[in-house]
Amino acid sequence: MQFLKKLFASHADNHADHQVTESQAAALHQEILQLEERYAAEPDDIALRQTLLVKYTQAASVYSQVPSYKDSVNDMFNKMNELRNTARKNF
């Protein structure tokens, strides 16, 4: 996990001019919750699964820049892995 923290830290340093706000992280969180609800109702929707994967990836980056969301970064990686495993099982 230290590697991921260093990776995101260097990414944040390189993009210091683009600060992520708490409200941006909260909006992304709400969007993910809505997508997860849709996915629970439609687990076979491949396009929805891909969208969720993109949002989880985006969230990992955004959350790493917002102190109150930093603890959620690992959750995003776990959710990405779960989606990938589901896709492999269905393939």
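Analyst: Before we start, a word on terms: a residue is buried when its relative accessible area is under 20%, exposed when that area is over 50%, and partly exposed in between, using a 1.4 Å probe and protein chains only. This is a predicted model, in which local features need pLDDT of at least 70 and side-chain atom pairs count only at pLDDT 80 or more, while totals for chains, interfaces and linings use all residues. Residues are numbered from 1 along each chain as its sequence is written, and side-chain values use heavy atoms, with hydrogens and water left out.

User: Thanks! Which residues sit on the face of α2 turned away from its buried side?

Analyst: Ser 23, Gln 34, Glu 37 and Ala 41 are the exposed residues there. The buried residues of α2 are Ala 25, Leu 28, Ile 32, Leu 35, Glu 36 and Tyr 39.

User: Why do you say that the buried residues of α2 line one face?

Analyst: Seen down the helix axis, they fall within an arc of 105 degrees, so they line one face of α2. The arc is taken from the directions from the helix axis to the C-beta atoms. These buried residues pack against α3 and α4.

User: How many helices and strands does the protein have, and how are they assigned?

Analyst: There are four helices and zero strands, in the pattern α-α-α-α along the sequence. Helices are DSSP runs of H or I with at least four residues, strands are runs of E with at least two, and both are numbered from the N terminus.

User: Why does Lys 55 count as buried?

Analyst: Its relative accessibility is 16%, which falls below the cut-off for buried, so Lys 55 counts as buried. Lys 55 is found in helix α3. It touches Leu 28, Glu 31, Ile 32 and Leu 35, not counting residues up to four places away in sequence; a contact means heavy atoms within 4.5 Å.

User: And why does Gln 58 count as partly exposed?

Analyst: Gln 58, also placed in helix α3, has 35% relative accessibility, a value between the two cut-offs, so it counts as partly exposed.

User: What makes a pair of atoms a polar contact?

Analyst: The pair must be N or O atoms within 3.5 Å; within protein, one must be able to donate a hydrogen and the other to accept it, and residues adjacent in sequence count only if both atoms are side-chain atoms. The side chains of Lys 55 and Glu 31 are joined at 3.2 Å, and those of Lys 55 and Gln 58 at 3.3 Å, so both distances meet the cut-off.

User: Which residues have the most contacts inside the largest nonpolar core?

Analyst: They are Ile 32, Leu 52, Tyr 56, Tyr 63 and Met 76, in a core of 19 residues. The largest share of this core, seven residues, comes from α3. A nonpolar core is a set of buried Ala, Val, Leu, Ile, Met, Phe, Trp, Tyr and Cys residues joined through side-chain atoms within 4.5 Å.

User: What does Leu 52 touch?

Analyst: Leu 52 touches Ile 32, Leu 35, Glu 36, Tyr 39 and Leu 83, leaving aside residues up to four places away in sequence.
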